[in-house]
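Subject: A structure for you to look at

Hi there,

Here is the structure I promised you. Please open it and have a look around before you read my notes.

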Amino acid sequence: MRILFAVPPNIEDYQTSSDAIVREGANLTLTCKATGSPKPNITWKRDDSSKISINKTLSVPEWKGETLEITRISRLDMGVYLCIAKNDVPPAVSKQIKVSVDCE
């Protein structure tokens, strides 16, 4: 019988996106990888609590999953995004990723 140890979440910096500068109208993919036991769930939020514009027709208060893809980014999408990793073991951890949009 294997004994499973509970391990709090840890964000793997080297596999997680860092601050990004994107041209307006381009697509952006942010990645957040975390370890822990049980496997952590990843949630993306904006630091200022505004909605995340996934594309022109979908805006959500938060996004679940390791990857956040934003299509046709605009200056309104500029800001700090939080990648939050949680499992049943406290504490939850988060990383800030600053997204800047280069406007022509």
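Below is what turned up, going from the whole chain down to single residues.

This is a predicted model, in which local features need pLDDT of at least 70, side-chain atom pairs count only at pLDDT 80 or more, and totals for chains, interfaces and linings use all residues. Residues are numbered from 1 along each chain as its sequence is written, and side-chain values use heavy atoms, with hydrogens and water left out.

**The whole chain**

The protein chain has eleven strands and zero helices. Both kinds of element are DSSP runs, numbered from the N terminus: helices are H or I with at least four residues, strands are E with at least two. The C-alpha trace spans about 60 × 25 × 20 Å along its principal axes. Of the 104 residues, 34% count as buried; buried means under 20% relative accessible area, exposed over 50%, and partly exposed in between (1.4 Å probe, protein chains only). If you take the contacts (heavy atoms within 4.5 Å) between residues at least 6 apart in sequence, 61% join residues at least 24 apart.

**The sheet**

Five strands form an open sheet with mixed pairing, in the order β2-β11-β10-β5-β8. Two strands pair if DSSP finds at least two bridges between them. At the edges stand β2 (20-23) and β8 (63-64), each with a single partner strand, so one side of each has no neighbour in the sheet. Further in, β5 (residues 41-46) pairs with β10 (residues 79-86) in the antiparallel sense, over six bridges. Within that pair, Trp-44 stands opposite Cys-83 in β10.

**The cysteines**

Which residue does a disulfide join to Cys-32? The partner is Cys-83, with an S to S distance of 1.7 Å. This links distant parts of the chain, since Cys-32 lies in the loop between β3 (28-31) and β4 (34-37) while Cys-83 is in strand β10, 51 residues apart. A search of the whole structure finds one disulfide, meaning a pair of cysteine sulfur atoms within 2.5 Å. Cys-32 is buried, at 0% relative accessible area, and Cys-83 is buried with 0% too. Cys-103, in contrast, is partly exposed at 28%.

**Leu-4**

Is Leu-4 buried or exposed? Leu-4 counts as exposed, because its relative accessibility is 63%. You will find Leu-4 in the segment before β1 (7-11). The C-alpha atoms of Leu-4 and Ser-37 are separated by 8.0 Å, although the two residues are 33 apart along the chain.

Enjoy exploring!

Best wishes
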